[in-house]
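Please read them beside the structure.

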Amino acid sequence: MSPAPSPDFGSPAFEVPGALISSYGAPGDTRGRAWLAALPGLAAGFLDRWELRRDGPAGHGTAGLVLPVVRADGTPAVLRLQPPAEENSGVAAGLRAWDGAGAVRLLDADPVAGAQLLERLDAGRPLSAEPDEAVVLGVLAGLMARLSAVPAPPGMRRLADIAAAMAEQAPGALPLLRDPAERELVRTCAAAVAELAGEAGDRLLHWDLHDGNVLAGEREPWLAIDPEPLAGDPGFELWPALDIRWEKVAEGGVTGPVLYRFDLLTEALGLDRARATGWTLGRVLQNALWDIEDGKDALEPAQVALATTLLEHRSS
């Protein structure tokens with residue numbers, strides 16, 4: 001149950017960030033609009049329940065409200081609120097399993113209400129602001145290796161189930177793509193997933209580990225944030241790091257940068273290249289299915305280029 005706001009404790013009124021309203025405020029999104037309407041009271045209730053005081057303006061991530069706060073003992077922290085959903089159902093369990101080793105530390109949580117109390121990191125210093133791409137990729141590879149070395153706790157979403165669902169959806173989605181070559185590419189991705197689905201792994205995956213989801217910290221130089229955890233093969237983790245800063249990659253030719261990134265990541269994680277290729281094609285399939293569901297009839301150019309490069313060099 002979500003706590004009711006206290007009449008004598010909590011925060012002054014705050015304005016919900018416009019970007020968050022854009023994410024959840026579409027006319028047809030009744031659940032999202034209801035959550036936005038309840039958000040100030042929800043925040044006030046958790047400030048009361050966890051004995052927190054506001055310590056700065058409200059911010060937001062890609063899917064939730066972020067409030068800088070101070071705990072009763074003076075420790076700076078962050079209150080994060082987001083609508084409960086399947087993709088974030090394992091966040092608290094995942095963060096507890098990592099216990100701050102490579103990821104932001106969880107201080108308290110109410111998964112039913114979508115509330116997390118997290119250690120305060122430096123939101124003004126994301127890894128995405130680091131200009132040296134070699135540094136960025138090295139950090140991502142190191143964090144990815146550490147996080148995916150942890151076994152997934154019981155009850156986590158399973159890549160095996162996600163892979164089975166994608167394989168089932170693919171045939172019906174293919175005719176909705178305009179380009180026959182893209183239909184063939186998605187068909188190839190679906191075949192790769194079907195081949196691997198029986199051994200989908202049991203490691204704890206972040207799922208969205210890119211340079212925008214890593215912040216500077218005090219305990220460690222860099223820590224991962226905003227996971228959408230699932231149990232699976234670490235090869236399914238590579239896509240976000242392969243896809244970063246794509247405009248720069250596309251300017252100078254795709255093959256060299258993609259293979260450099262792929263080699264660096266697979267070596268850091270100790271992965272079999274063929275399996276890692278297959279699971280990365282699985283991410284292309286997942287993205288394609290989402291795009292088609294959203295009404296698109298063409299794949300993103302970056303997905304086509306990256307998948308094609310890996311397919312052309314999968315035996316090298």
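Which backbone oxygen does the side chain of Ser148 reach?

1. The side chain of Ser148 reaches the backbone oxygen of Met144, at 2.7 Å. This is a predicted model, in which local features need pLDDT of at least 70 and side-chain atom pairs count only at pLDDT 80 or more, while totals for chains, interfaces and linings use all residues. Residues are numbered from 1 along each chain as its sequence is written, and side-chain values use heavy atoms, with hydrogens and water left out.

2. Ser148 belongs to helix 4, residues 133–148 (helices are DSSP runs of H or I, at least four residues, and strands runs of E, at least two, numbered from the N terminus). With a relative accessible area of 4%, Ser148 is buried (buried is under 20% relative accessible area, exposed over 50%, partly exposed in between, with a 1.4 Å probe and protein chains only).

3. Leaving aside residues up to four places away in sequence, Ser148 touches Arg203, Leu204, Leu205, Pro234 and Leu269 (contact means heavy atoms within 4.5 Å).

4. There are three aromatic pairs (rings of Phe, Tyr and Trp, the last by its six-membered ring, with centres within 6.5 Å; planes under 30 degrees apart are stacked, over 60 edge-to-face, the rest tilted). One of them is Phe46 with Trp50, whose planes stand at 45° with centres 4.8 Å apart, so the pair is tilted. Phe46 and Trp50 are both buried.

5. Trp207 and Trp290 pair edge-to-face, 5.8 Å centre to centre and 65° between the planes. Trp207 is in the loop between strand 8 (203–205) and strand 9 (214–216) and Trp290 in helix 10 (residues 273–293), so the pair ties together parts 83 residues apart in sequence. Trp207 is buried at 12% relative accessible area, whereas Trp290 is partly exposed at 37%.

Key:
A polar contact is a pair of N or O atoms within 3.5 Å; within protein, one must be able to donate a hydrogen and the other to accept it, and residues adjacent in sequence count only if both atoms are side-chain atoms.
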